[in-house]
Amino acid sequence: GIKAVSLSNPGAFAKAATAVSIPEQLRRNPVLDQISAVQGTLRVAGEDIQAKLKTVPASLTADFPKTNLGAQFADALRLLAAGVDAPVIKLSLGSFDTHIDQAPQHARLLGDFASALAAFRNAAQSAGLWDRVIVLTYSEFGRRPAENGSKGTDHGTAAPHFLAGGSVRGGLIGTQPALDRLENDDLVHTMDFRQVYASLLLGLWGLDAGAVLGKKVEPVAGLVA
């Protein structure tokens, strides 16, 4: 089955996981067998991560920005450089719900993203990992093209996304939604976001996108090498 772990710091998780103990009563209660199994899995994973992280030199992430996102990218790179088996790592950058005074907030957020991504790319290249990594952005919502009455924009439909990595075909992929052909004041998307997912599922892991996404969607040709 698919296993996912939510953590804010790999090192702290590794130490905490190795400290997990399994009470004797759990081993004797079949109702709690699953809890016991999960505890054992976390302990093994923690020991493995802790050992591998010790092999990564601190200098590898020394130049990352001292921001929340910078720390997340640094943690991701340490996991990758340590050889931890993590095919997907999710990072988070919030506060894009810019209904009020969008311009300065958006500039700050994109600057935060750009500086953290640039540091990650440079470090990944020096570690020989960049050609094996793909960074994909996603969001819960887009924005409307028209400014509202508070110098911001409201929730919308279509939105651009960034895809970066050594094996990504560079440039603008797809067609920009037309500003003069809106539907209910919203942009009309020109590419289903699931097409990007399908391209990565097929190109990176050879998976049947239809089985994963629940519907058949056409991958974007030539998105990744």
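**View 1. Polar contact between the Gln72 side chain and the Ser92 backbone in a predicted model.** A polar atom of the Gln72 side chain lies 2.8 Å from the backbone nitrogen of Ser92; a polar contact is a pair of N or O atoms within 3.5 Å, and within protein one must be able to donate a hydrogen and the other to accept it, while residues adjacent in sequence count only if both atoms are side-chain atoms. Leaving out residues up to four places away in sequence, Gln72 touches Leu91 and Ser92 (contact: heavy atoms within 4.5 Å). Gln72 is buried because its relative accessible area is 17% (buried is under 20%, exposed over 50%, partly exposed in between, with a 1.4 Å probe and protein chains only).

In this predicted model, local features need pLDDT of at least 70 and side-chain atom pairs pLDDT 80 or more, while totals for chains, interfaces and linings use all residues. Residues are numbered from 1 along each chain as its sequence is written, and side-chain values use heavy atoms, without hydrogens or water.

**View 2. Helix H4, residues 68-81.** Gln72 belongs to this helix (helices are DSSP runs of H or I, at least four residues, numbered from the N terminus). The 14 residues of H4 should span 20 Å at 1.5 Å a residue, and the end C-alpha atoms are 20 Å apart, which agrees; the expected span is 1.5 Å times one less than the number of residues. Buried residues of H4 include Leu69, Phe73, Leu77 and Leu79. Just after H4, Gly83 has a positive phi of about 80 degrees.

**View 3. Leu204 in helix H6, residues 193-205.** Leu204 is partly exposed, with a relative accessible area of 40%.

Conventions
Helices (H or I, at least four residues) and strands (E, at least two) are DSSP runs, numbered from the N terminus.
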